[in-house]
Amino acid sequence: MKLLFGVTSYPTSSDTAVTNQVIGLLGRGHDVRILARGGWDEAQVQGDIVQNGLLERTSYRGRRMGRLADLVTLARGAGRVGVATAIQLIRTPSDPAAQLLRTANFLAEHGPFDVFNVHFGSVARRLIGIKDLFPAMKFVVSFHGNDFSGYVRQNGVDVYDEVFRRADLILTLSEYSRDCLIALGCPVEKLVVHPLGINLDRFDLLPPRPATGPVRLISVARLVEKKGHRHAIEAFARVAADHPELRYDLVGDGPLRPQIEQQIQQLPDGIRQRITLHGWQSQDGVAALLAEIDLFVLPSVTSMRWADQEDTPNALIEAQARGLPVISTVHAGIPEIVRDGETGWLVPERNVPVLEAVLRRALAERERWTGMGRAGRAWVSTTFAEQTQTRRFEQMMDRLLTLPDGASLGLHRSAELTEDESVRAL
């Protein structure tokens, strides 16, 4: 099978899900390419991207650079998709038109592709016109978080009407996001819940933590509102006043770093010194920190301004894979990936007193950490293993390619099926 993955920028610090899926498909012998709009930050090129040659498989359709760039695109497109079509796509000054033609040029030059899997509904909205030019190619959309929450708030509830009508298949990471898309008008028969898997070989199970001594918490996330850092810091400060052995590491960078630094500086002496901002770290850097960590904290929230949400944060899945108990929130798809009371604890959004109470409880129940960590590893191994999820994706694509245009897979909850059940259902 020949597949093309369409994304915004690649690679970036938040591209783990796409990277894991591409690597899994390559391992099963498929020809996979990546088409991104923007360039990449060399500092964030992780080892598995280099080791699997993904940069060599990535092309860039480029950002808008003015009418001269449009004319070059038009000249290329005239020979590949036809003069009339190229002119029709490029004649307006809108960026999506130029992006669409650049994508068409790439498909004409490097295709044919069996499947075009576009990650993020916001990207699919700009590229859905590709269906007119390459009708034999299946157009699959993967939704992640902001695209079904904050993006809709900014652009209107009808923003995906054409995507819902014309896409061949729409994938979500959770039942929660599936229900959100149904509420926006997506046909139920086009939706499949399909978590993206992780490579368990990359996540060694950490040894049991000692029953006494210092305790370290960690958050690994971009410094943006929906990650809930402000609430985690406030809860930590309250508990740390009574627990001098407690430390908190924050890994990640983002636009809220100045506000977070200011919040930390306003804490009392003896507490602010126990919070460390590490900034962005490589995979190896994060792994080294996690080897010393006891609890993983990610109190995600719905952002106030645009109602931006998570879906199923990979960081929580990866923390459980390492055997770390996690503390998170009842937010979006998180209750579907964290088993409350078994692999971690879930609290209401923005409720610092409850977050504080759960943290105090966790500290009082240190004897449970090893068992919860082992339960988390087992849960991830059976539900989010890359091999299983890659095989399910492969089966869905194989089945999709045999269906006539407009037909439905008729499988809505692949995430709840075992691999054998998934085979039979398809």
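# Cores, strands and backbone exceptions in a predicted model

The largest nonpolar core has 34 residues, and Phe139, Ile170 and Leu181 are those with the most contacts inside it; a nonpolar core is here a set of buried Ala, Val, Leu, Ile, Met, Phe, Trp, Tyr and Cys residues joined through side-chain atoms within 4.5 Å. This is a predicted model, in which local features need pLDDT of at least 70 and side-chain atom pairs count only at pLDDT 80 or more, while totals for chains, interfaces and linings use all residues. Residues are numbered from 1 along each chain as its sequence is written, and side-chain values use heavy atoms, with hydrogens and water left out.

**Overall make-up**

- The secondary structure comes to 18 helices and 13 strands, where helices (H or I, at least four residues) and strands (E, at least two) are DSSP runs numbered from the N terminus.
- Of the 426 residues of the protein, 55% count as buried; buried means under 20% relative accessible area, exposed over 50%, and partly exposed in between, with a 1.4 Å probe and protein chains only.
- The protein exposes about 17500 Å², of which carbon and sulfur atoms supply 51%; accessible areas come from the Shrake-Rupley method with a 1.4 Å probe, and for residues only the protein chains shown count as cover.
- Among contacts between residues at least 6 apart in sequence, 74% join residues at least 24 apart, a contact being heavy atoms within 4.5 Å.

**The nonpolar cores**

- The core of 34 residues draws at least two residues from each of α5 (95-110), β4 (115-119), α6 (121-127), β5 (138-142), α8 (150-155), α9 (161-166) and α10, and α5 gives the most to this core, with 5 residues.
- Leaving aside neighbours within four places in sequence, Phe139 is in contact with Phe116, Val118, Ala124, Leu127, Ile128, Lys131, Ala167, Asp168 and Leu169.
- Apart from this core lies another, of 31 residues, which has Leu217, Ala232, Leu246 and Val297 among them.
- In soluble globular proteins, nonpolar side chains tend to be buried together.

**Strand β11 and its surroundings**

- Strand β11 (residues 295-298) is covered on both faces, with Leu295 and Val297 buried on one side and Phe296 and Leu298 buried on the other.
- Strand β8 (residues 215-220) runs parallel to β11 and is joined to it by 2 bridges, strands being taken to pair if DSSP finds at least two bridges between them; Leu295 in β11 is the bridge partner of Leu217.
- Strand β12 (residues 326-329) also pairs with β11 in the parallel sense, over 3 bridges, and Val326 in β12 is the bridge partner of Phe296.
- From β11 the chain crosses through helix α14 (residues 314-321) to β12 in a right-handed β-α-β crossover, a term that applies if, with the strands pointing away from the viewer, the path from the first strand over the helix to the second runs clockwise.
- In helix α13 (residues 283-290), Gly285, Val286, Leu289 and Leu290 are buried.
- Seen down the axis of α13, its buried residues fall within an arc of 135°, so they line one face of the helix; the arc is that of the directions from the helix axis to the C-beta atoms.
- These buried residues of α13 pack against β8, β9 (246-251), β10 (275-279) and β11.

- Ser59, found in strand β3 (residues 58-60), is buried, with a relative accessible area of 16%.
- The C-alpha atoms of Ser59 and Leu35, 24 residues apart along the chain, are separated by 5.0 Å; not counting residues up to four places away in sequence, Ser59 touches Arg33, Ile34, Leu35, Ala36 and Phe106.
- Val188, placed in the loop between α10 (175-183) and β7 (191-193), counts as partly exposed because its relative accessibility is 32%, and its C-alpha atom is separated by 10.0 Å from that of Phe164, 24 residues apart along the chain.

**Backbone exceptions**

- The peptide bond from Tyr10 to Pro11 is cis, with omega near -10°, and Pro11 is found in the loop between β1 (2-9) and α1 (16-27).
- A cis peptide bond also joins Gly111 and Pro112, with omega about 5°, and Pro112 lies in the loop between α5 and β4.
- Phe120, in the loop between β4 and α6, has a positive phi of about 90° although it is not a glycine, and counts as partly exposed at 26% relative accessibility.
- Ala307, in the loop between β11 and α14, is a residue other than glycine with a positive phi, near 60°, and counts as partly exposed at 22% relative accessibility.
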